[in-house]
Amino acid sequence: MYAIVEIAGHQFKVEKDQRVFVNRLTTEEGKKVSFDNVLLIGDGNNVTIGAPAIDGAQVSAKVLKHLKGDKVIVFKKKRRKGYRVKNGHRQSLTEIVIEGITASGAKKSAPKKETKKAEPKVEAKAAAPKAEKAAPKAAAKKASGKADDLKKIEGIGPKIASTLVEAGVATFSDLAKAKPEAISEIIAGVRGNHVTDTWPAQAKLAADGKWDELKKWQDELDGGKA
């Protein structure tokens, strides 16, 4: 029996006990995960096609490990403009093993219920305009200094670097003080699956001028972990 299932935005043809590399999943290593968007199931001469997905079908798997793919070099050049940019990229991946394929009767995981937020008090509404006016000044103050080359941090490309600078994170010191969750929110609009866990620690080494130590660590990074 085999199935065609959508996992992390891509479609895969899978069978039981098959190992598959997919885009980074949020599930921890060793945990089980299931995928409900099954598009097709084949069992011998019997083929079931969904419209677009098969109701009640499910593919169950186990997360083996998180890792990064091979480094890809991206080089851009503009003739007679003196423009040359070279960057490296390693895609964040997750290795899973298929444990079973259920053709029907599987229960889909229910979406999380959103909790209603309490309505803010009148005093909070009155104070909001002042906070909004102060925010641009604070951001402008951070961005006023000389910006560092944030692309030296593994995982940061030109688009992410410019997005961080626009948000006020322009130097290695600014990035070292930021939390990974806050960084992820800033670059939420940049396409791709970015792991920000080690960016502050990398930036701290860069800010301290420990380039040899930073390069050695970057060569050992695997899925954003040392």
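Among contacts in the protein chain between residues at least 6 apart in sequence, what percentage join residues at least 24 apart? I get 62%. Contact here means heavy atoms within 4.5 Å.

**Ground rules.** I am working on a predicted model, where local features need pLDDT of at least 70, side-chain atom pairs count only at pLDDT 80 or more, and totals for chains, interfaces and linings use all residues. Residues are numbered from 1 along each chain as its sequence is written, and side-chain values use heavy atoms, with hydrogens and water left out.

**Whole chain.** I count six helices and 10 strands in the protein chain. Helices (H or I, at least four residues) and strands (E, at least two) are DSSP runs, numbered from the N terminus. Of the 226 residues, 35% are buried. Buried means under 20% relative accessible area, exposed over 50%, and partly exposed in between, with a 1.4 Å probe and protein chains only. The chain exposes about 15600 Å², and carbon and sulfur atoms supply 50% of that. The areas come from the Shrake-Rupley method with a 1.4 Å probe; for residues, only the protein chains shown count as cover.

Four strands form an open sheet in the order 2-1-5-6, with antiparallel pairing. Strand 2 (10-15) and strand 6 (46-49) are the edges, each pairing on one side only. Two strands pair if DSSP finds at least two bridges between them. Strand 1 (residues 2-7) and strand 2 run antiparallel and are joined by six bridges. Glu-6 stands opposite Gln-11 in strand 2.

**Hairpin.** Strand 8 (residues 72-78) pairs with strand 9 (residues 83-89) in the antiparallel sense, over seven bridges. Val-74 has Asn-87 in strand 9 as its bridge partner. Four residues lie between the two strands of this hairpin. In the turn, I find Arg-80 with a positive phi of about 60 degrees.

**Helix 5.** Which residues of helix 5 (residues 199-207) are buried? I list Trp-199, Pro-200, Gln-202, Ala-203, Leu-205 and Ala-206. They pack against helix 2 (158-166), helix 3 (172-177), helix 4 (180-186) and helix 6 (211-220). Gly-209 follows helix 5, and its phi is positive, near 80 degrees.

**Helix 6.** The buried residues are Leu-214, Trp-217 and Gln-218. Seen down the axis of helix 6, they fall within an arc of 100 degrees, so they line one face of the helix. The arc is that of the directions from the helix axis to the C-beta atoms. On the other side I see Asp-212, Lys-215, Lys-216 and Asp-219 exposed. Helix 5 is among what covers the buried residues of helix 6.

**Gln-202.** Why does Gln-202 count as buried? Because its relative accessibility is 0%. Its side chain reaches the backbone nitrogen of Glu-154 at 3.0 Å. Leaving out residues up to four places away in sequence, Gln-202 touches Ile-153, Glu-154, Leu-214, Trp-217, Gln-218 and Leu-221.

**Val-165.** I checked this residue last, in helix 2. Val-165 has 28% relative accessibility, so it counts as partly exposed.

Key:
A polar contact is a pair of N or O atoms within 3.5 Å; within protein, one must be able to donate a hydrogen and the other to accept it, and residues adjacent in sequence count only if both atoms are side-chain atoms.
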